[in-house]
Amino acid sequence: RPDGDFGLRWFSPTNEVPLCGHGTLAAAAALAHQGRAAAPLAFHTLSGVLRVGVQDGRFSIELPAPLATRLIPLSEKEAAESWGDVIEIILGPAWRDKAEAVLVNTVTKKLLIRVRTPSEVASLP
């Protein structure tokens, strides 16, 4: 990048992922080892700008604040209706009343659900 920062992207076998802390540290270490950059380094990513520093030969990264947000529905009925649709799409109609949405991470696009019993966990699709 013209400003001296770096662009950085990570991929899984099936898609691009928004954050990979270990990969960021590895990229910083590789650039420093090759003499191509000196700390602190800034990487522009899907998660924003990640800064990597080095002190006493140890690399450290500044990660964004936790990105998971608690679902705060206006009422239990609205939560059951809106998140029930999402759960039904992901897991199937039989799960609409068995699973409850608890947390959503807007960056990684992960939804944490709660089920009632261990046997329900074992029977998840």
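1. Start at Thr45. A polar atom of the Thr45 side chain lies 3.0 Å from the backbone nitrogen of Ser47. A polar atom of that side chain also lies 2.7 Å from the backbone oxygen of Gly48. Keep in mind that this is a predicted model, and that these distances are computed from it.

2. Where does Thr45 sit? Thr45 is found in strand S4. Strand S4 covers residues 41–45. Is Thr45 buried or exposed? Its relative accessibility is 13%. Thr45 counts as buried because that value falls under the 20% cut-off.

3. Leave aside the neighbours within four places in sequence. Thr45 is then in contact with Leu8, Trp10, Pro18 and Leu50.

4. Now turn to Thr24. This residue is found in helix H1, which spans residues 21–33. Thr24 has a relative accessible area of 0%. It is therefore buried, as the cut-off is under 20%.

5. Which residues does Thr24 touch, not counting residues up to four places away in sequence? They are Leu8, Trp10, Phe43, Leu50, Val52 and Ile61.

6. Strands of a sheet pair through backbone hydrogen bonds, either parallel or antiparallel. Here, 4 strands form an open sheet, in the order S1-S4-S5-S6. The pairing is mixed. The edge strands are S1 (6–7) and S6 (58–62), and each pairs on one side only.

7. Check the S1 end of the sheet. S1 and S4 run parallel and are joined by 2 bridges. Gly7 stands opposite His44 in S4.

8. What lies across these strands? Helix H1 does: it lies across S1, S4, S5 (48–55) and S6. H1 runs at about 135° to S6.

9. Step back to the whole protein. The secondary structure comes to 3 helices and 9 strands. Along the sequence, the pattern reads β-β-β-α-β-β-β-β-α-β-β-α.

10. Finish with the totals. The protein has 125 residues, and 25% of them count as buried. Take the contacts with a separation of 6 or more: 43% of them are between residues 24 or more positions apart. The accessible surface comes to about 8,800 Å². Carbon and sulfur atoms account for 57% of that surface.

Technical notes
Residues numbered from 1 in each chain as written. Predicted model: local features only at pLDDT ≥ 70, side-chain atom pairs only at ≥ 80, totals over all residues. Heavy atoms only, no water. Buried < 20%, exposed > 50% of the residue type's maximum accessible area, 1.4 Å probe, protein only. Contact = heavy atoms within 4.5 Å. Pairing = 2+ DSSP bridges. Axes fitted to C-alpha atoms, helices over the stretch in contact; angles between N-to-C directions. Areas by Shrake-Rupley, 256 points an atom, 1.4 Å probe, with all protein chains shown as cover. Polar contact = N/O pair within 3.5 Å; in protein donor to acceptor, adjacent residues only side chain to side chain.
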